[in-house]
Amino acid sequence: HRAPALARKVPRARSVPVHSSTAPSARGRGKLHACKSQKSSLRAAKLCPCWLDSAVPPVNSGFNPGEFPRSIVTLAGGIGGARFLRGLKSCVASHQTEITVIGNTGDDIELFGLHISPDLDTVMYTLGNGIHEEQGWGRQEETFVVREELKAYGIEPQWFGLGDRDIATHIIRTQMLNSGYTLSDITKALCARWNPGVQLIPMSNDRIETHVEIEDEDGRRFIHFQEWWIKMRAQTPAMRFVAVNSENSTPAPGVISAINQADLILLPPSNPVVSIGTILQVPGIRTALLQASAPIIGVSPIIGDAPVRGMADACLSAIGVSTSAQGVLELYGARKHGGLLDGWLVDPVDQGTQLAGVDVQALPLLMSDLEASAAIAGAAIELGCRI
Ligand code: FO1
């Protein structure tokens, strides 16, 4: 295992006037289209930035009023990312905007002979309306008869809740993998049923697994992320995260081209270490982001000094980053100084978060319902269009 280099800084290769008054096409964007007619539909949708109503474009805007990104790319992990994407879909519903989701596969695990891709499935089920809403993972109306039977046979591990409906997804994925299909092929095939309304692409078709280095009564060792996350509830401090085999992996087909062609790139409130951070470890993805012509806007996964869900705090402390909107902002870095971000959304409780080169905006970030998620997505789009 090599220590992961999460915050590798690569000098940014492009320089584009930030507040150019030229039309987007002159800036090589080309794909943005003035959509004045859609202002009324946006008003009707009431889910998107009100700046479209303004006759005067926002200050420093390089865009005409009413422009809307035609292609949005997001990096996404599990539950937080999926819920944000549901809001993003709602926000762009009245536009011809294509959303490409680059999904984390470091959480993948082989169990009982089945290949399970938790983060891909969470996005697929959530956007396909099949998710167990309270859990944020697995299927709604799920049963666990197979799990109980495996337990009766004394088969380990028993800490992983494998649902009967969910198993069908893993059987198809495993069969197709064994027949030589790529994870991209398989994800596309599974999405044909769920119709998530986005293009969901795994970060890589190569097998990458996040392992966690811990030390407990059984000594110092690496365990699979899922064992640390589910069985240990992240209570045993993680000493290190390693995205095993990431250094030998390549981005899945379409990942780099989507980033290169994007009008807007979003980092949803996913786990910045084991979700976004793992995706950034696939060689080529971070560089593509740094060189992309699209603005990159992130949404803080931390409100106050705690993650909204999950155990991002346990992950951040493992890499020496404070559990705060400021800490994650500094982890991602400012694009003008070799980092990733042009803009950063924080909750009002984190007002004052700042980093040179990043436009920080505050709005409520609790995704309590679809409207709240859409408002956050709209604010991210608005910020991206202003940069
Ligand atoms: N999370 C749990 O806390 N307990 C489980 O038993 C569990 C089972 C499970 C099965 C399939 C799946 O796709 C996800 C599952 N998860 C479970 C969630 C999973 O650990 C997380 O979704 C991610 O890996 C972290 O984002």
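1. First, a working rule: a polar contact here is a pair of N or O atoms within 3.5 Å; within protein, one atom must be able to donate a hydrogen and the other to accept it, and residues adjacent in sequence count only if both atoms are side-chain atoms. By that rule, a polar side-chain atom of Asp119 sits 3.4 Å from an oxygen atom of the ligand. Gln226 has a side-chain N or O atom 2.7 Å from a ligand oxygen, and for Arg233 the corresponding distance is 3.1 Å.

2. A word on the source: this is a predicted model, where local features need pLDDT of at least 70 and side-chain atom pairs count only at pLDDT 80 or more, while totals for chains, interfaces and linings use all residues. Residues are numbered from 1 along each chain as its sequence is written, and side-chain values use heavy atoms, with hydrogens and water left out.

3. Helices here are DSSP runs (H or I, at least four residues), numbered from the N terminus.

4. H7 also holds an aromatic pair. The rings of Phe225 and Trp228 have centres 6.1 Å apart and planes at 50 degrees, so they count as tilted. For the rule, rings of Phe, Tyr and Trp (its six-membered ring) pair if their centres lie within 6.5 Å; planes under 30 degrees apart are stacked, over 60 edge-to-face, and the rest tilted. Because Phe225 and Trp228 are three residues apart in helix H7, about one helical turn separates them. The count by this rule comes to seven aromatic pairs.

5. Two backbone spots to look at. The peptide bond from Glu156 to Pro157 is cis, with omega near -5 degrees; Pro157 is in the loop between helix H4 (145-152) and helix H5 (164-178). Asn129, in the loop between H3 and H4, has a positive phi, near 65 degrees, in a residue other than glycine.

Terms used. Helix = DSSP H or I, 4+ residues; strand = E, 2+ residues; numbered from the N terminus.
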